[in-house]
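My notes follow in the order I looked things up.

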Amino acid sequence: MRKVLYILGQLTDQDVEWLARAGERRLLPDGHVLIAEGEPVPALFVLLAGELDVEVRGIGQVARLLPGEIVGEMSFIDRAPPSASVVARGPAQVLSVAKAAIEAHIDRDPAFGMRFYRALATFLSDRLRGTVKRLGYDDRAVSIAEETADELDDAVLDGLSLAGERFNRMMEMLRA
């Protein structure tokens, strides 16, 4: 499963239901720029179907994202503009949850905010460890998934299983 499991594994069922209700399902045509490098990001996006390319000006494509990936999450951590663009590769579908809606929900429910930011921290930490390893800067740097691949304890398995069920329920809610 994709990075969405890091997020959903930290949230409650009610949190996930709120995200699905607060979000808007958007269909993107091929080539649609979802996030433009250097421009503010208005939402958090969960890729539901299709593929997205991550592109950096002057470099080109640096990643391809598949269903279950999250984009726009860094704008919740800092106010810097995005350092890459995210573009639909063929038709794609995303769940778009407005940043303002998430911030308002955090104000109403600080416990949600704690879970949300913990999930983002776990997600971004794993991404950084994986990037460092891929670049060859630290042979010891491994992602959570790699580190626990052979030694998943019951808590990790329960969290991943629960997150997968939450993602499936969210998809069902969005189809309705």
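**Hairpin.** I started at the hairpin of strand 3 and strand 4, where three residues sit between the strands and Gly 58 takes a positive phi near 85°. This is a predicted model, so I read that angle as a computed one.

**Overall layout.** Next I stepped back to the whole chain. I counted six helices and six strands. Reading from the N terminus, the order is α-α-β-β-β-β-β-β-α-α-α-α. The protein has 176 residues, and 42% of them count as buried. I then looked up the contacts between residues at least 6 apart in sequence: 76% of them join residues at least 24 apart. The exposed surface comes to about 9,700 Å², with carbon and sulfur atoms supplying 53% of it.

**Helix 3.** Which residues of helix 3 are buried? In this helix, residues 99-108, I noted Lys 99, Ile 102, His 105 and Ile 106. They lie on the same side of helix 3, because they cover an arc of only 125° around the axis. I then looked at what the buried residues of helix 3 pack against, and wrote down helix 2 (13-22), strand 3, strand 6 (85-98) and helix 4 (110-135). On the face turned away from the buried side I found the exposed residues Ala 100, Asp 107 and Arg 108.

**Salt bridges.** Side chains of opposite charge can pair when their charged atoms come close. With a cut-off of 4 Å between a side-chain nitrogen of Lys or Arg and a carboxyl oxygen of Asp or Glu, I get seven salt bridges. I followed up three pairs.

*Asp 15 with Arg 115.* Their side chains meet in a salt bridge at 2.6 Å, N to O. Asp 15 is in helix 2 and Arg 115 in helix 4, so I have a link between distant parts of the chain, 100 residues apart.

*Arg 89 with Asp 53.* Here the side chains meet at 3.5 Å, N to O. This pair links Arg 89 in strand 6 to Asp 53 in strand 3, distant parts of the chain that are 36 residues apart. Arg 89 has 40% relative accessibility, so I put it down as partly exposed. Asp 53 is at 6%, so it counts as buried.

*Arg 79 with Glu 103.* I read 3.9 Å, N to O, for this salt bridge. Arg 79 lies in the loop between strand 5 (70-71) and strand 6, and Glu 103 is in helix 3, so the pair ties together parts that are 24 residues apart in sequence. Arg 79 is exposed, with a relative accessible area of 65%. Glu 103 is partly exposed, at 29%.

Last, I checked for shared partners.

Methods:
Residues numbered from 1 in each chain as written. Predicted model: local features only at pLDDT ≥ 70, side-chain atom pairs only at ≥ 80, totals over all residues. Heavy atoms only, no water. Helix = DSSP H or I, 4+ residues; strand = E, 2+ residues; numbered from the N terminus. Buried < 20%, exposed > 50% of the residue type's maximum accessible area, 1.4 Å probe, protein only. Contact = heavy atoms within 4.5 Å. Areas by Shrake-Rupley, 256 points an atom, 1.4 Å probe, with all protein chains shown as cover. Pairing = 2+ DSSP bridges. Arc of directions from axis to C-beta.
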